[in-house]
Amino acid sequence: VIAARYQNKWVFVKHKERDTYEIAGGHIDEGETALEAAKRELKEETGATDFTIEMIAIYGVKKNDFIDYGGLFIAECFQFEALHHEIESIEFFDDLPNNLTYPAIQPYLFERVKDYLNYGN
């Protein structure tokens, strides 16, 4: 999951098949590191071509008896190109939008990113 900023706004993506917003993210492909996957997903989902990125946390989500782990990244974007994948558009917000694709986890991750920014790294 990559919480991205552009000119002091949060970058959220809108998938072509949904009417909701989400933080950019995805899965690690075979042979990729978490950082390589985050860079690829950020570019694929937002069109970002010039950015800085860093991992700020590892999180786990428990579903039934299984825990799925992920990396939480923060990125500062400086330049974008046209979108070429499953994302319809990117939009910029001052805060977390109300209409979220994953409302059970995105607010928690978003608050973790804001805490990281407020308390320094």
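This is a predicted model: local features need pLDDT of at least 70, side-chain atom pairs count only at pLDDT 80 or more; totals for chains, interfaces and linings use all residues.

Trainee: Where is E45 found?

Mentor: In helix α1, residues 34–46.

Trainee: Which side chain of opposite charge is nearest to E45, and how many Å away?

Mentor: R18, at 7.0 Å. A salt bridge here needs the nitrogen and oxygen within 4 Å.

Trainee: Then what lies 3.0 Å from a polar atom of the E45 side chain?

Mentor: The backbone nitrogen of G25. Leaving aside neighbours within four places in sequence, E45 is also in contact with residues including V13, A24, L83 and I90.

Trainee: New topic. How many salt bridges does a search of the whole structure find?

Mentor: It finds 10. One of the pairs is E88 with K14, at 3.2 Å from N to O. E88 lies in strand β5 and K14 in strand β2, so this pair ties together parts that are 74 residues apart in sequence.

Trainee: Is K14 buried or exposed?

Mentor: Buried, because its relative accessibility is 11%. E88 is at 45%, so it counts as partly exposed.

Trainee: What about K114? Which residue is its salt-bridge partner?

Mentor: E111, with the closest N and O atoms 3.4 Å apart.

Trainee: Let's do backbone angles. What is phi of Q7?

Mentor: Near 50 degrees, a positive value in a residue other than glycine. Q7 is in the loop between β1 and β2. Q7 counts as exposed because its relative accessibility is 59%.

Trainee: Where is N64, and what is its phi?

Mentor: N64 is in the loop between β3 and β4. Its phi is near 60 degrees, again positive in a residue other than glycine. N64 is exposed, with a relative accessible area of 68%.

Trainee: Last one. Which residues form the nonpolar patch on the surface?

Mentor: M55, I58, I67 and Y69, with about 430 Å² of accessible area together. β3 and β4 each give two or more residues to the patch. I67 sits in strand β4. At 37% relative accessibility, I67 counts as partly exposed.

Definitions and conventions: Residues are numbered from 1 along each chain as its sequence is written. Side-chain values use heavy atoms; hydrogens and water are left out. Patches are made of residues with over 30% relative accessible area and no salt bridge: like charges are joined within 9 Å, nonpolar side chains (Val, Leu, Ile, Met, Phe, Trp, Tyr) within 5 Å. Accessible areas come from the Shrake-Rupley method with a 1.4 Å probe; for residues, only the protein chains shown count as cover. Helices (H or I, at least four residues) and strands (E, at least two) are DSSP runs, numbered from the N terminus. Buried means under 20% relative accessible area, exposed over 50%, partly exposed in between (1.4 Å probe, protein chains only). Lys and Arg count as positive and Asp and Glu as negative; His and the chain ends are not counted. A polar contact is a pair of N or O atoms within 3.5 Å; within protein, one must be able to donate a hydrogen and the other to accept it, and residues adjacent in sequence count only if both atoms are side-chain atoms. Contact means heavy atoms within 4.5 Å.
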